[in-house]
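Visitor: I have a model open and would like to talk through its fold. Can you put it up on the screen?
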Amino acid sequence: PARTVRPTDKPSASAAVAAEVGRSAPLSAPFVDRFDRKSLGDDWRALSPVWKLRDGELCGQGAKNRGIWLKRTLPVRARIEFDARSESAAGDIKAEFWGDGRSGATQASYTDATSYLTILGGWNNTRHVLARIDEHGADRQALDVDPKSPDPRGRPVEPGQTYRFRVERSDDSTLSWWVDDELYFEFRDPEPLAGEGHDHFGFNNWTVQVCFDNLKVTPL
């Protein structure tokens, strides 16, 4: 028989988590956010008060890996695009893909993420990294930075310059990352992050000031 839910009934733990992260049916049409308003609104969950809208952008500084998550649920296959800028010579532009939508760092070293991470100009602008769960992990994809590199993929982040990120998963296991239409990494994951707990996107930050704009999430 059907169960009647009374006001005194408590939701299950899984239902509570779903409500917390805003889990719903996966996106079936493109989602766009240009951040051209005064407040974040109900689509976002910030883990730190440093995340603010400013002059039509989403900006943060000093989040210490306590990011901001989009509450919309991602399908396994999607393309995620956005503009990103660091205001520091230290670079360090970071985002998370297919994470749980509610977690952030619990210690100084971010080794327990729930997502894939892209870091442009990390470690004081010395390397670009695509990582799975642990940004320091042995399985991360890394490219050392050289200011004199003839390859644009090897150059450091320039403060004040806007970069166009594109991360795409067109099949269940392959993650590809482009910056300004240059393919930086293609990672084939033997244990893909997918499903509940791995179905959200977020921006992140350590200490420098970063700003993001023109987000577009397209189901594939």
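Visitor: Let's begin with strand β9. How many of its six residues are buried?
Guide: Five of the six are buried, so β9 (residues 127-132) is mostly covered. Buried means under 20% relative accessible area, exposed over 50% and partly exposed in between, with a 1.4 Å probe and protein chains only. Strands here are DSSP runs of E, at least two residues, numbered from the N terminus.

Visitor: Before we go on, what am I looking at?
Guide: This is a predicted model, where local features need pLDDT of at least 70 and side-chain atom pairs count only at pLDDT 80 or more, while totals for chains, interfaces and linings use all residues. Residues are numbered from 1 along each chain as its sequence is written, and side-chain values use heavy atoms, with hydrogens and water left out.

Visitor: OK. Which strands join β9?
Guide: Strand β8 (residues 116-121) is joined to β9 by four bridges, antiparallel. β9 also pairs with β10 in the antiparallel sense, again over four bridges. Two strands count as paired if DSSP finds at least two bridges between them.

Visitor: Which residue in β9 is the bridge partner of Y116?
Guide: R132. On the β10 pairing, V129 has A142 as its bridge partner.

Visitor: What is the strand order in the sheet?
Guide: β2-β5-β14-β7-β8-β9-β10, seven strands in an open sheet with antiparallel pairing.

Visitor: What about the pairing of β2?
Guide: β2 pairs with β5 (residues 68-70) over three bridges, antiparallel. R45 stands opposite W69 in β5.

Visitor: Switching to E96. Is that buried or exposed?
Guide: Buried, because its relative accessibility is 2%. E96 is in strand β7 (residues 93-99).

Visitor: And what does the E96 side chain pair with?
Guide: The side chain of N204, through a polar contact of 2.6 Å. Such a contact is a pair of N or O atoms within 3.5 Å; within protein, one must be able to donate a hydrogen and the other to accept it, and residues adjacent in sequence count only if both atoms are side-chain atoms.

Visitor: Last topic, the nonpolar core. Which residues have the most contacts inside the largest one?
Guide: F82, F201, F203 and L215, in a core of 42 residues. A nonpolar core is a set of buried Ala, Val, Leu, Ile, Met, Phe, Trp, Tyr and Cys residues joined through side-chain atoms within 4.5 Å. Apart from it lies another core of seven residues, including V129.
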